[in-house]
Structures are given as structure tokens and as C-alpha cells.
Amino acid sequence: MFRSLSSRLWLSYALLIGMILCVVGAAIVLVVIRGNIPLQQAALSLQKLRLNALPKIRAAGDLSPEILQGMLTRSADQIEGRIVVLSRSGEILADSMADRGFSLPEIDFETGLTKVGELPQSYRDNEGRSWYYIIDSVNEERLVFFAVYRPRLQFMTIFRDEFLRPLILAGLMALFVSFVLSLVMSRWVSAPLHRISQEAQQVVAGEAHPIPLQGPQEVRHLARAFNKMATQVRQSQQSQRDFVANVSHELKTPLTSIQGFAQAILDGTVESPEGLANAAGVIDSEAARMHRLVLDLLTLARMDAGTAAFIMAPVDINDLLWTVGQKFSPLAETAGVELEIIPGELSRKIEGDADRLMQVLSNLVDNAIKFTPKGGIVTLSSEEGADQILIHIKDTGTGIDAADQQRIFERFYQVDKARPGGAGRGVGLGLAISRQIVQAHGGDISLESRPGEGSHFVVKLPVPHSSSGES
Ligand code: ADP
């Protein structure tokens, strides 16, 4: 009962209509009472009585009280009210309700006469009944008193007869209109909601369609938020699929190599000592690659889950530069690339995890050496800004074109997938991990590069406000 939107709407309309009708009814009752309709009616009745009876009473003139009483008693049935003939001294000469013995009000016989057009006066008789009355003169000696009951509940009767029916009719019509209106309104509100709930069930399957922005503003907001959420879910489902496909691919390639060379050794295809050494070398480098991949995936998974432990301590960036320089100088030498370290004037340390930052710089320098041809230069330098320390990793290598620059930090993204394999070949996770580590420090990595001219990576790390110290 009253669970659906339309029934609740209708209920609220019905309550509203009921309230309005009550207020209107109360207002009508008030108007009836305030307008003193009973008094108006009494004035009319008394006027009628006076017009009908006064000429006859005047014609009867000075008839004796007994005859007058006889006249009134005989025509008592036709008299709608009470007629009393009085002497100017206040003595009752004849009374159409003599047998009932109702009392009369205190009458001032000098000024008490009711002028024509004047409203009647009221009084309560000895039995507590209310009357409206007027007084007129018959002749020099006599007065006549006309009275009618004051109807007690008359306004209720007036209300019932005059207003109740139209009010009920108006109420019924309003209820019908509100019923139709509630159906229309609820369809307006619930149709898009229904659509959202239908599409929500499709989200899991990745088949949700965008919902048109219809209905009231709140529902439109909901539809907009739903569309945004559905797009994000779709994207994350897609990136999850891509991720699994990439991981499978990256595992399949070395595994195929390992399996091929192992098979060749087993079935005796490779027999010579050089061939065996070569096969073992390939198996070793592919296994190392898989190992690196698994380690990278673990790091990413921990960072995604927020469980990667960062051991934060003050870190001197120039110390890091020297360490990285030492670590990579043999590789640079082998590659025929000059590795230059230019430490900047740093007055402050940053707050960070030295090992993780080392991982970032290692990846960037490793890439720079890898992608710089023989005779090129890789420069590692630092610089202090207002509230951050900048590390520049510059090379004179192949550079990266604009389209690839946008995507280079994505997981598994490699500019040249067909690069020859080997122990040093990456899988496209290095920059993604580096960026996540730097972001976890509150910093950022940016890139400037021109194809053929080299690349320039900048790692920005914030310096805590209170930090100061010797470099
Ligand atoms: P990978 O493990 O393949 O090196 P990265 O995430 O470290 O993965 O780098 C992604 C890709 O970005 C690389 O495959 C390479 O194409 C490109 N890249 C990274 N650094 C450089 C650089 N200094 N010069 C040219 N290309 C680069």
C-alpha cells in the first residue's frame, strides 16, 4: 500500500486537497456565522409576520382582550411565530402562545418600538429559548409584539444545504484530477529512474548504454552521474582486459623462448658447447625478464592496493644522483654514452623513501642510456625551486614524438614494441611505476622531447616547509 511513487504522490495530493477543503469549509462556516444569517432570516420572517398580521390587529382596534385572544388562538396555526398584544402599560391583552406561558423581554414602552427596516432584537425566555422580536404600535393604547425563534443550529443546516454538496463535488473532481496528475508526474520521474535501474544491471556485463538526460533536475543529475560511472566502469574493465592481455603476452614471449631452447637442448638439436652456452644464456636472460616483470607487477599491485610500504626519511637528492651515477657508469661506458652528473645548490632535503626514489632515477637513467646512441650524452642534474626540488634527466637520444609522449606513462606502453629482446629489454612498466612512486611522494614527472633531439624528464619532489639542512 502506497509503495509506488504514483500512489504516494496521489496520497500527498489527496491529503492536500482534504486540507484545503477543510480550510475552505471552516472559512464558509465562519462567513455564515459572522454574516449572522439567522438574524437576517429572522428579520425577514418578522417582517412577513408584521405585514400579514398588523393590518388585521389594527382593524380589530379596541376589541376586548377576550375577543382578541379568541382571534389569536383560532389562527395560532397559521401564525409562523408569536404575536402578543399589549397595553401601553405592559399588560398582556392577548398572546398567540398563551397556553405555553413563555415570558416576554423587558420592554421600554416609550422607546422600545422597532422602526421599519430596523433589525430585530433578541432575548431569552424563562425556559432559556432564544427569540428575535420587534414591537409595533396598534393604536394609542395598544402595542403588538412579534417574535420568532432564534434557530440554534441553522448555520449547520445552511452549510449542509448550500455548501456541502459543492464542496464534496469539488473534492471528488480534485481527487480525480490529482490521480491523473500523479500518474503523469510519477511517469515523468520514474521513467528515467526505471531506465537507470535497467542500465545499472547491464553495467557489470559492460553493456550499459548512456542514459538521455530527462526528467526533473535531480533525476538528470543522477543520470549524469550514472553515465559517468558507467564510462569509468567500462574504461576500467577495458584496462583490466588490456592488462591481463599484456601480462599474458609478456609472459608468453619469454616462456616460448625458454621452452624452445630447453627443447632444443633436450632433443639434441643443440649440441656444440657454443650452442649450449648460447641457449643457456637466452634461457637465463628470459627468466630474468620474467622475474623483473613479476616484481614490477607486484610493486604495481601493492601501490594500487595502497599496501606498498614507504619508509620516509630526509633524503639528500644530490647523494641519490651520485649513487645513480656510480651504478650506471659501467652501463654507460659499455653503451659508449657519456654520463654526466651536475648536482645543483640544494639547501634542503626532501622527505621520501630513498630506495623507491632510487628505483625511479634508475629507470629514467637506464632508459636514457638505452635510447641514446653511441657518442651521446646523458645528463643528471638537480635544482632547487621555491617549494620543490627538481631532478633533470636529459639525453641526446632518439627522443619521443608528441603522440607517444601522451601515453608513455601508461602501463605496458612501449613506443617500439618490436625492439630486439635481451636481458635489458623492458616491458613498458618502468615509467608507470616511476610516476606512481613520485606521485606517492606528492610530486610529479613531466617530459619534454623532440624526436631525433633527445628527451628531458623532470622529476619534481615537494620540500617540506620546515625542511632545511646542508646539501
Ligand atoms: P621499458 O621497460 O620498456 O623501458 P618504460 O615504461 O620505462 O618501459 O618506458 C616506456 C617506453 O617509453 C619505452 O619503451 C620507450 O619506448 C620510451 N622511452 C622511455 N624513456 C625514453 C627515452 N629517454 N628516450 C626515448 N624513449 C624513451
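**Chat about a predicted model**

Biologist: How does aspartate 319 count in terms of relative accessibility?

Modeller: Aspartate 319 counts as partly exposed, because its relative accessibility is 47%. Buried means under 20% relative accessible area, exposed means over 50%, and partly exposed is in between, using a 1.4 Å probe and protein chains only.

Biologist: Where does aspartate 319 sit? And what should I know about the model itself?

Modeller: Aspartate 319 lies in helix 7. Helices (H or I, at least four residues) and strands (E, at least two) are DSSP runs, numbered from the N terminus. This is a predicted model, where local features need pLDDT of at least 70, side-chain atom pairs count only at pLDDT 80 or more, and totals for chains, interfaces and linings use all residues. Residues are numbered from 1 along each chain as its sequence is written, and side-chain values use heavy atoms, with hydrogens and water left out.

Biologist: How far apart in space are aspartate 319 and serine 329?

Modeller: Their C-alpha atoms are 15 Å apart, and the two residues are ten apart in sequence.

Biologist: At what angle does helix 7 pack with helix 8?

Modeller: Helix 7 (residues 317–335) and helix 8 (residues 354–370) pack at about 30°, and their axes are 10 Å apart. That makes the two helices roughly parallel. Axes are lines fitted to C-alpha atoms, for helices over the stretch in contact, and angles run from 0 to 180 degrees between N-to-C directions. Under 35 degrees counts as roughly parallel, over 145 as roughly antiparallel, 65 to 115 as roughly perpendicular, and the rest as oblique.

Biologist: Which residues make that contact?

Modeller: Among them are Leu320, Val324 and Phe328 of helix 7, with Leu357, Leu361 and Val365 of helix 8. Contact means heavy atoms within 4.5 Å. By class, the contact of helix 7 with helix 8 has 13 nonpolar, two polar and two charged residues. Ala, Val, Leu, Ile, Met, Phe, Trp, Tyr, Cys and Pro count as nonpolar, Asp, Glu, Lys and Arg as charged, and the others, Gly among them, as polar.

Biologist: What about helix 8 and helix 10, at what angle do they pack?

Modeller: Helix 8 and helix 10 pack at about 145°, with axes 9 Å apart. Residues of helix 8 including Val360 and Leu364 meet residues of helix 10 including Ile433 and Ile437. By class, this contact has six nonpolar, five polar and one charged residues.

Biologist: New topic! What is the strand order in the sheet?

Modeller: The order is 2-1-5-4-3, in an open sheet of five strands with antiparallel pairing. The edges are strand 2 (92–95) and strand 3 (121–124), each pairing on one side only. Two strands pair if DSSP finds at least two bridges between them.

Biologist: How many bridges join strand 3 to strand 4?

Modeller: Four, and the two strands run antiparallel. Arginine 124 stands opposite serine 130 in strand 4.

Biologist: Is valine 138 buried or exposed?

Modeller: Valine 138 is buried, because its relative accessible area is 9%. You'll find valine 138 in the loop between strand 4 and strand 5. Not counting residues up to four places away in sequence, valine 138 touches Ile57, Arg58, Leu143 and Val144.

Biologist: And what is the phi of phenylalanine 412?

Modeller: Near 70°, a positive value in a residue other than glycine. Most residues other than glycine have a negative phi. Phenylalanine 412 is in the loop between helix 9 (402–407) and helix 10 (430–440), and it counts as buried at 3% relative accessibility.
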